[in-house]
Each structure stands twice: as C-alpha cells, then as structure tokens.
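Colleague: I'd like to learn how to read a model like this one. Can you put it up and take me through it?

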Amino acid sequence: MPTEKSHPHNSGDPRGGPFSGTEESSQSSSLNRERHFVLPNGERRLNVVAPEVKATLAYIDRSLDQFTVRANEANRPLVSNPIMQRLGVGELGKGTDEDKQVLERVREVLLADDVIRRTESEEVYYLPNDYVAPTDKNSGFFKTQFYWDSAWHIRWLLDSDEPDKLQTAKGTVENCKYMFDRKGFIPNASASKYGNRSQPPLLTTMITDVFEGMRVEEGETEDNKEWYRSMMSFAKDEYWKVWNNDNDLTQVVPRKGNRNHRIERTMLGKYGDTDIGYDINAELESGWDMTHRFHGRCADFLPVDLNCYLAKYEKHFEDAAHYFGDEAEAKFWKDRRKQRTDEIMDKMLDKERGFFYDYDWVNGERSEVDSLSGFMPLWAGIIDDDDLKRRMIEKLSKDFMQPHGITLTTEDAIPQHPSDADMEGVKFKKGIKRTLVKYHKPKQWNFPNQFANVADQVVEAAISNGFYDVGIEIMTRFIDSHTDYFLQKGSLPEKLNVVTGQEGNGAAYGDQTEIGLTLAVYKRFVKNLPKLYAIKDRASEGLSVKEQERVVFNAQLQTPLPL
C-alpha cells in the first residue's frame, strides 16, 4: 500500500494530485464551503462543479488510460512462459524473421492452451481486445479483465470522452465471449488462478449498456443491431449452460460440459459448481470475498442477489425479443421471470421484517443477516407491492445509512468473538482454535465497509422505484466522502469505512490504494446527480407515482428511460 510520500500528487504521477503546488489543507478548508448550496426552500444540494470535485474528476479522467490494457501490450509472450522455454525461445516481441516464424508457432501452442504469458504470480489468458483492468496496469495488483468489474468499467468508458471508448466497451463484452467459447463459462478473471470459478452474472447489463451507447453515438445501424442480437444469443448460452444447468427443471445431475449452479427442481441458483466442499470458492465467485454473510458456508445458500441478477437477464431477454419483434419469445421470458420471482418471494422474503434474505437450502431456512443484497429485488424490478417498497427504503435509511455512505451489512451481522474468559479452560482439538480465530477476523465485505459498485446498485434500486431523496442522499454522501479522501490522500480507496470516512478494513488480498469500480462510480454519480435533481423537481411538479417509478437511467444517463 503506498505511503504518504508515494501518493500520486507527491510522486510525479502523470495523473497529478488535487492541488499540485498549493497548500492542500488551506485549499481544502476554503473549497469545502463551496461544495454545497441551499435552495430557497431550505434544501441543501451538492455543487458538482465545485473546484475540489472537478479536481477529483480530472484525476479520474486521467486515470482511465492508466487502467486500460491494450491487447497488443497484454498479449506479448514473455520468456518466462514454460511452453516458450521448452521451445527454446527468447523474448520475441522483436527480432529476426526466423524469430518471428518461431513466434507464430509459439502463439499457436499458447492460444490452444489459452495462456499467452506468465507474470510473477499468474498465467494470463489471451484476449483479443482492449479492456479496463481493476487497478493501474503499471503498478496495481489486478491487471487482468474481471467479470463483474467490467460492468462498471464499461460505464466508466461510456461516461468518458475517450475517442475509442465505444470500441473498448464493445471489446470488453467480446472478450467475455472469447473466454466463454473456450472455457464454457466466463471466468472470474482472465488468468489461470481465477479459472475455476465465475463471478456475479451481469453480462446482459453490459450488453444493454453498450448497445445503448452505440445507439447514442452511432445510431441504430444494421451492424449495431446484429451485434446486439449476437451478444444476447451468447448471453442466453451463458444463462442456460452456466447458471441453469441447461434447461431441465427435473435434472438432478448436470449434463457433461455444463456448470452446476442451480438447485435441482427449482428456478433458484447458488454460487459454487458442486454441492460439497466448495464453500470458499463459492464465496469468491459471489464477488463478496470475503464476508460473514454466508457464515463460511456460501455453497449452502441461495443468494438474493444472484437470483435477482438472473431475473434481470430474463427481463433483458424479454426486452430484446420485443425489440426484434418476437412476441412469443418475449412471453416465454416474461413467464420465466414470473416463475423465478414467485420463488424469490416464497423463499427469501421475510414478510414480518419486510426484507429479503439469502436462503439456506441445506437447512431449509432464511439467513438472518441484513445485507445490501436484500435490496436487489428492487434493483431487478420484481416488486409490485408499494408498501413493501416503502418498508425496504425505510430500512435502508434506518439500518444501513452511515455518515459517509451505506454499509454492506448491519453491525450485528459480524459474529462476536468469544472472550478470553469464555475460552479459558476449554480444550480445543488441533486446529479448531485457529479456525475459530480466523472465522471472527474482520472481513472486507462487511460492516462498516462500502464498495462502490453495490452502492451504485442500491442507488439504481431507489431511483428506479421513485425514491429520489434516498438516491440523492447516498450519492451526495459518496461524492462528499470520496472527495474528502482524495483531498487528504491524493487517491481514492478501494472500499470506504462509512463510519469514519477512511480506508475500509479486512482486505482478503492486501489493501489496494484505489480500484476502477470506485473511480467509475464517482464519475457516474457526479454526472447523474444534476439530472436526478431535475427529475425530482419534475416529479414534484405533478408526475404521477406510477410514472416516477418507471424512471430509470441508461448507461449514459443522458435521459430517463421507461422500463
């Protein structure tokens, strides 16, 4: 983790810091007073053109190039690859004609194995297109393409002024297809150490966002329509083969070549590809790595968020069928989504609490852990009950809202470690005490942390259901807290402790100074907040509740779009 001296604005980083060559503390103090203004009715609003917000945005804009991995950079074979060593080949990015002929032979071997180069810690899969990595490609920890991170990286691209943003966004989706065609699923990331699991399925969201960007930038050309059709067909393959064990509800054993995520004789699925022994891998696949949410038994749970992501797939497939005029297929997906929704309501909704919980399918009971995943039914648009929506939003404000944002879980989700007095005199079998201590260690996907991508989903959930004030409040606290962090550190955090406003704790892989998700969401929130103020003002002028609830944002968020 960088020290104070190594922050970009102190070290000559090309992105620069917030106020190079000035006294940061005095600047911060004076500028903060300009960050908000008050309307005649007393409402306080964030000024998104305040100097320190603009400085943070400028840093984010400069960072995009540092996070973008070019295919011609990423795919150059390195001498340390063992296959190349066996062939007696040195570094071949340049050299004689004979060297280049050998390079072509090496590429054939490497591409057959999907491994193109070896870094100090991993073998990296070949990808045909540019992509945005989760961290700085030169100095960061994560330099490969990650599955669910890509959904926000695409939005970062589409919100940017990069000349090749649309091509890189399209290429990111096409990279997913490239990996799927060779592996039968989209891996967690494009490196061999992540190749035994996937990540939360957000493929149709990525495709829909890119297609909307294509329509805005290029219009509805035949080529763009064909791209949309082709990518949605690919997404259906992933939906059936990876997340639904093909399509037979009575199937007990998955067919050869397919994954095993759905529980037999139900629409609902879980993380992890086998029913026994894959709890850690399942938790890694969930994206919540690591968390107390699953009690160390992730493969035993049907997660709320996963099944809402699949309901969103079904909605996107229905929308695509309507777009191409196939009403029979649209009805099929609508009916399938209704079937999944009914099962989510039956197994995951606690009617007394008015909230959704992961379902322990092994023990036949709901979890009692309150987490932001419980808001994903709102995000997926599967709730019709206005009273339930209201109760959920009240819970969001009461139980999850903290001074600097929204926390991933409530505090009581963290198990209390037994005191020394409780353990005094207790004899543990070998390894049990160590396991107990490890289980109670802080985990990063827990209270009091906030990850930007989930905060963005919750904002979408609130806004798309007409709860503008709550969406605005979350966005405002996010922008304020991350701007303050940037003024102090010259960078943005991977995760934020929303109680203190400082870097979050409990990292599973070492603290990262910043990560693309945070930068992308900051940019998105600053861009959207004035539009959300306008939508709220328009709603207060007489837009019906039903019309308000149908307002959602597209990837560009240039205008509100009907569902």
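Modeller: Helices (H or I, at least four residues) and strands (E, at least two) are DSSP runs, numbered from the N terminus. The expected span of a helix is 1.5 Å times one less than its number of residues. This is a predicted model, where local features need pLDDT of at least 70, side-chain atom pairs count only at pLDDT 80 or more, and totals for chains, interfaces and linings use all residues. Residues are numbered from 1 along each chain as its sequence is written, and side-chain values use heavy atoms, leaving out hydrogens and water.

Colleague: How many helices and strands does the protein have?

Modeller: The count is 21 helices and 17 strands. Take helix 15, residues 386-400: its 15 residues reach 20 Å from first C-alpha to last, close to the 21 Å expected.

Colleague: Which residues of helix 15 are buried?

Modeller: Buried means under 20% relative accessible area, exposed over 50%, and partly exposed in between (1.4 Å probe, protein chains only). In helix 15 the buried ones are Leu388, Lys389, Met392, Ile393, Lys395, Leu396 and Phe400. They sit on the same side of helix 15, because they cover an arc of only 155° around the axis; that arc is taken over the directions from the helix axis to the C-beta atoms. The general idea: an α-helix has 3.6 residues a turn, so residues three or four places apart point the same way.

Colleague: And what caps the N-terminal end of helix 15?

Modeller: Asp385 does, with a side-chain oxygen 2.9 Å from the backbone nitrogen of Asp387.

Colleague: Is Thr56 buried or exposed?

Modeller: Thr56 is buried, at a relative accessible area of 0%. Thr56 belongs to helix 3 (residues 51-67). A contact means heavy atoms within 4.5 Å; leaving aside residues up to four places away in sequence, Thr56 touches Thr483, Phe486, Leu492 and Tyr522.

Colleague: What about Asn72, buried or exposed?

Modeller: Exposed, with a relative accessible area of 67%. Asn72 lies in helix 4 (residues 71-74).

Key. Polar contact = N/O pair within 3.5 Å; in protein donor to acceptor, adjacent residues only side chain to side chain.
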